[in-house]
Amino acid sequence: MLTALLLAATLQFTPPVHIPITLAGNFGEPRPNHFHGGIDVRTNQQEGIPVFAIGDGYVYRITVGTGYGNALYVRHPNGKTSVYAHLQGFVPTLRTMVSKWRLEHGQEDIIDEVRKPSPPADIRLNPSDFPVAQGQLIAMSGNTGSSQAPHLHLEIHHTENWAIIDPLDFLSQYLEDTEAPIAHAFMAYPVEGEGLFEAKAEKSEHPFTNYNLERTFTAWGKVGFGIMADDHMENSYQKYGIRKTTLLVDGEEVFKSNVDSIPWAMNRYVNCWGDYDHYFSTHKWFMKSFIDPGNPLPVIKANASRGIVDFNQERDFLLEYILTDAFGNESRYTFTVRGVKQDIPPAEKKSAANTLYWDRMNNFQLPGLQLVVRPYLLADNLQLTPSVEFISDGLSDVYSFRPSSSPLIRPAIISIRLKKAVAMTDGLYIDCDGINLGGTFNDGWVTATTLNLGGTFKLQMPEWSED
């Protein structure tokens, strides 16, 4: 008991600002390619609000000129690291350290207080260089880096493995929230060749018009579900991500998520937990209540059927969603699905040659192109619809794998053959819809990596300026 109390005491943090805390964004909100890694603390729509260390420790890192803008990293003795981002500037001693580092590295001394472009800086400090006490002034809030409005972005990490943690696990007592999450709709995902929902094999969206839908839906066979929902807080029109989601079928738990900590290297799995295709076309996130075979996110759990519901009896099934926020506020939504026996059309035959398998090495080839997708870069098998546009006078032909954005978990290797002689090969690169993927030339081929299989790929040469 004493050990637990001591541990709780060592984990206690205090607010990073001395104004009432309201949030412009919470932890774990799904976004393309990543979860929101912290909380966005409002600063009254102004810059220059004093920022304080949330706990004892020392500043071990200062970065400037990244997406975080001006940022400070504080290591704490309890094994956590706090990050303060989009800052206007630092306290004088830290500001001097930045100036000294810039002089030593031949950089112009700009610190972006007026949102000028800042040369990147990544400064590492020793524990004795700048120790801090809890509540000590360390910076001023701002709007630097990839920030759309003045605010303080606060993250908390496990120092050892850099997993991100919900700051509200430490700071919720300083906020007020009595509002429960709100669900807007559920999505039904019949398993191809194995299930139907509302007599359809395609996925379908159904709104929650109240907490207990009176309509009875029909299904047969295997169907997965997903939910579009958001959280709310007092004194804010902002929509936030959901901390906990539970799906019950006839009172039995089939799926549960608790977005309390995300391993840093698993950020891109948000694209496969969420329905990325639907988000890409509608900007609405439906989070699946089932688990794709290649999705190892530790914050989602399911039964032995991976959360897929088997409507294999001609009876009514009661489905219930339970949504809970970080403050324990809870809402429940129910709907009934009646098992109605019906013929399920077989799955459409797919070309094995055009299928990328999530759990094996894939070596896909087209004339003049090779694509290597290693195991576990996908959460499920992916069907390609490849095309080649033959360009007679181009550096290469133009290639397409998929008609829309198709992100990968980690990069795949793409190689394209050069079709004609060029004076210089050093500048050759692979272009994807105007984005330079880089490239290395070897034996007539240019090789690069890509994190997305959508778009068109071709070889390009930069337009060299003539001095």
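Tutor: First a term: a residue is buried when its relative accessible area is under 20%, exposed when it is over 50%, and partly exposed in between (1.4 Å probe, protein chains only). The model is predicted: local features need pLDDT of at least 70, side-chain atom pairs count only at pLDDT 80 or more, and totals for chains, interfaces and linings use all residues. Residues are numbered from 1 along each chain as its sequence is written, and side-chain values use heavy atoms, leaving out hydrogens and water.

Student: What makes strand S24 mostly covered?

Tutor: Seven of the 10 residues in S24 (residues 330–339) are buried. Strands (E, at least two residues) and helices (H or I, at least four) are DSSP runs, numbered from the N terminus.

Student: How do you know which strands pair with S24?

Tutor: Two strands pair if DSSP finds at least two bridges between them. S16 (residues 212–230) runs parallel to S24 and is joined to it by five bridges, so the pair meets the rule. In that pairing, phenylalanine 217 stands opposite valine 337. S23 (residues 316–324) is antiparallel to S24, with nine bridges, and glutamate 320 faces threonine 334 there. The hairpin of S23 and S24 has five residues between the strands, and glycine 328 takes a positive phi near 90 degrees in it.

Student: Why is the contact of aspartate 166 and arginine 243 called a salt bridge?

Tutor: The rule asks for a side-chain nitrogen of Lys or Arg within 4 Å of a carboxyl oxygen of Asp or Glu. Here the N to O distance is 2.9 Å, so the pair qualifies. The two residues are 77 apart: aspartate 166 sits in the loop between S13 and H3, and arginine 243 in the loop between S16 and S17. By this rule the count comes to 16 salt bridges.

Student: Are aspartate 166 and arginine 243 buried or exposed?

Tutor: Aspartate 166 has 3% relative accessibility and arginine 243 has 11%, so both count as buried.

Student: What makes aspartate 250 and arginine 315 a salt bridge that ties together separate parts of the sequence?

Tutor: Their closest N and O atoms are 2.9 Å apart. Aspartate 250 is in the loop between S17 and S18 and arginine 315 in the loop between S22 and S23, so parts 65 residues apart in sequence are tied together. Aspartate 250, at 36%, counts as partly exposed, and so does arginine 315, at 30%.

Student: Which residues are closest to the centre of the largest pocket, and what classes line it?

Tutor: A pocket is an open set of points on a 1 Å grid over the protein atoms alone where a 1.4 Å probe fits, with protein on both sides within 12 Å along at least five of seven lines; lining residues have an atom within 4 Å of a point. The largest pocket holds about 1600 Å³ of space. Of its 46 lining residues, the closest to the centre are Asp277, Lys288, Asp292, Asp380 and Asn381. S14 gives the largest share of the lining, five residues. By class, the lining has 19 nonpolar, 10 polar and 17 charged residues.

Definitions and conventions:
Grid points are joined across faces, edges and corners, and a volume is the space filled by probe spheres set on the points. Ala, Val, Leu, Ile, Met, Phe, Trp, Tyr, Cys and Pro count as nonpolar, Asp, Glu, Lys and Arg as charged, and the others, Gly among them, as polar.
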